[in-house]
Amino acid sequence: MSATFTKSMARNVFYGGGVFFFLLFLALTFDTMKVLPTRDNSQNITPAVAHGKKLWETNNCIGCHTLLGEGAYFAPELGNVYVRRGPDFIKAWIKGQPTGVPGRRQMPQFNLSDADIDDVVAFLKYASEINTNKWPPNIEG
Amino acid sequence: MKYKSQAVAKLYFIAAIGLFLGQILFGLIMGLQYVVGDFLFPAIPFNVARMVHTNLLIVWLLFGFMGASYFLIPEESETELFSPKLAIITFWVFLAAGAITVLGYLLVPYASLAKWTGNDLLNTMGREFLEQPLPTKVGIVLVALSWLFNITMTMLKGRKTAISLVLTLGMLGLAVFFLFSFYNPVNLVKDKFYWWWVVHLWVEGVWELILGAMLAFVLIKVTGVDREVVEKWLYVIITMTLVTGIIGTGHHYYWIGTPVYWQWWGSVFSALEPIPFFMMTVFAFNMVNKRRREHPNKAAVLWALGTSVMAFLGAGVWGFLHTLAPVNYYAHGTQLTAAHGHLAFYGAYALVVLTMISYAMPIIRGRAANPERAQIMEMWSFWLMTVSIFFITLFLTGAGIVQIWLQRISTTPMSFMAVQDQISIFYWAREAAGVVFLIGLLLYITSFFVKGESKAFE
């Protein structure tokens with residue numbers, strides 16, 4: 001690197017660049033938060049959805065599944081499972097686990113009450129209605 | 001060893017290597033569960049194995065970073081560590097917290113763990129990588145603060161170099177951004193948005209500062225190149241890291257409910273993210289070519305060069321592969337993501353910690369370098385682990401491409417599980433490569449016990 005570009009110049013560029021781009025990031029974040037209510041389906045967050053999200057978290061569903069493409073890649077995408085399978089299938093599926101088919105991937109039995117399962121489904125319905133810019137590409141997730 | 005207190009690093013390094021071994025064992029369990037679905041079910045379901053695998057990774061890297069800084073900062077500051085006692089207490093607290101947390105994952109149903117540890121007071125659990133119970137999260141903050149305090153105090157009473165400043169800044173960022181793990185709104189989009197402030201701003205932001213500082217330190221030591229030159233490179237590299245990486249967070253904001261404009265911001269800036277990694281490669285090879293001394297620790301030089309190359313491949317090339325929005329539309333959340341994750345974490349962070357350990361451990365043990373035979377074994381372990389993780393990455397990439405085709409592009413898309421059956425051959429190959437990785441790691445551990453005539457200090 002050229003001798004006219006000194007270490008202290010490099011340091012100043014580092015601090016200046018870091019601060020500038022962080023501020024730009026904050027500005028974009030601010031705008032995102034302002035626009036979000038038109039996209040994030042937050043008007044449909046009910047106590048059932050909130051409880052469903054909590055159940056989703058405390059049973060570590062993300063440890064196998066993806067939700068809007070994020071999570072583990074061991075089991076199907078669930079961001080659109082409400083649309084793909086419908087509420088009745090989801091409820092029956094959760095209750096029927098594990099399948100016990102030899103050699104197949106197994107989902108644990110979480111011993112949720114019927115009311116709990118309804119709330120999980122409410123959460124998955126809410127998630128399926130978030131505007132994700134048309135992701136995933138098709139119903140299979 | 002120039003300063004007695006640098007020896008505390010040894011504890012941290014030993015723990016890091018032990019947890020690394022644990023991480024790999026759980027990785028092998030998960031890899032097998034991909035093809036033999038009911039393996040160890042219900043004793044260790046996949047989600048539990050994965051939690052242990054990823055959390056051990058994070059914790060052993062943190063142990064590595066801490067150990068490395070307790071070795072590096074006194075030497076850079078030319079003074080003893082502010083409080084070796086605090087560093088030792090912090091070590092045992094962190095190790096105990098880590099062990100109890102992992103045992104909790106393994107022995108208690110996650111929902112009960114959440115209930116018993118006060119998740120009802122503040123919901124923070126059950127999000128990828130941030131699965132730790134509330135007390136563990138608070139513990140991580142306290143450990144990070146204690147680390148930061150000790151290092152800052154050491155630096156304040158001694159020489160302030162660019163390397164130690166950048167390292168400390170990286171640690172400060174690590175501590176600050178972790179605080180977002182306590183913010184978990186019911187609004188899923190906001191939850192995901194700020195979740196990335198921990199995950200992305202760690203690994204594609206402030207951790208790169210720590211990585212750069214550690215690499216620069218080892219390169220100065222093993223090549224004898226002028227500090228002014230090395231530190232100028234360091235500043236330029238980490239400038240590019242922040243310039244590209246901060247807005248680059250946008251590549252996670254394409255499909256989670258955030259506005260469309262992130263597809264532009266994210267694509268453009270994250271497409272530039274390979275630049276700092278490429279510069280790191282050029283930097284490392286340049287410094288080694290211009291070396292003014294032949295350091296007897298050849299293994300450390302190999303790890304350092306390996307870091308620069310593998311970080312570029314894993315974080316740079318494999319990151320770029322699926323970062324552009326139109327590509328990511330199809331690649332998002334597939335095995336391609338897993339491929340990138342494995343090579344990037346190994347190349348950038350596992351390797352830089354192993355580089356520091358390779359350089360520092362012999363010195364802590366009273367010699368400039370390990371005996372020839374030990375070094376040869378260490379270098380074999382480098383190649384075994386590096387080549388096998390590269391193959392893991394290639395197999396997962398193959399799996400990902402076929403998965404994308406069958407599930408998302410084909411005119412008759414198959415269901416997720418049907419596709420998984422189709423790509424099982426890739427998973428078997430990945431598992432085989434994983435076994436080779438384990439052999440490499442065991443060889444690495446063995447190399448610490450090889451006796452022989454070691455190189456004394458000049």
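**From one helix to the two chains**

Analyst: Helix α5 of chain B (residues 134-156) has 23 residues and reaches 33 Å from its first C-alpha to its last, close to the 33 Å expected at 1.5 Å a residue, where the expected span is 1.5 Å times one less than the number of residues. Helices (H or I, at least four residues) and strands (E, at least two) are DSSP runs numbered from the N terminus. This is a predicted model, in which local features need pLDDT of at least 70 and side-chain atom pairs count only at pLDDT 80 or more, while totals for chains, interfaces and linings use all residues. Residues are numbered from 1 along each chain as its sequence is written, and chains are lettered from A and ligands numbered from 1 in the order in which they are written.

User: Which residues of α5(B) are buried?
Analyst: The buried residues of α5(B) are B:Thr136, B:Lys137, B:Ile140, B:Val143, B:Ala144, B:Trp147, B:Asn150, B:Ile151, B:Thr154 and B:Met155. Buried means that 20 or more other C-beta atoms lie within 10 Å of the residue's own, against 12 or fewer for exposed and partly exposed in between, with C-beta atoms placed from the backbone.

User: And what covers the buried residues there?
Analyst: The cover includes α2 (46-77), α3 (84-107) and α6 (162-178) of chain B.

User: Zooming out, how many helices and strands are in chain B?
Analyst: Chain B has 16 helices and 0 strands. Its radius of gyration is 22 Å, close to the 23 Å that the globule rule gives for 458 residues, so chain B is as compact as a globular protein of that length; the radius is taken over C-alpha atoms, and the rule is 2.2 Å times the number of residues to the power 0.38. Of the 458 residues of chain B, 60% count as buried.

User: What about chain A, which helices and strands does it have?
Analyst: Chain A has 5 helices and 2 strands, running α-α-β-β-α-α-α from the N terminus on. Its radius of gyration is 22 Å, whereas a compact globule of 141 residues would have one near 14 Å. In chain A, 39% of the 141 residues count as buried.

User: Where are the domains of chain A?
Analyst: Chain A is divided into domain 1 (7-37) and domain 2 (42-128), with bounds from an automatic or database domain assignment. The C-alpha centres of these two domains of chain A lie 37 Å apart.

User: Last topic: which residues touch the most other members of the largest nonpolar core?
Analyst: B:Met214, B:Leu219 and B:Leu234 do, in a core of 184 residues, a nonpolar core being a set of buried Ala, Val, Leu, Ile, Met, Phe, Trp, Tyr and Cys residues joined through C-beta atoms within 7 Å. The largest share of this core, 24 residues, comes from α7(B), and the core draws at least three residues from each of domain 1 and domain 2 of chain A.

User: What is B:Leu219 in contact with?
Analyst: Leaving aside neighbours within four places in sequence, B:Leu219 is in contact with B:Val225, B:Val230, B:Ala284, B:Met287 and B:Ala304.

Terms used: Contact = placed C-beta atoms within 7 Å.
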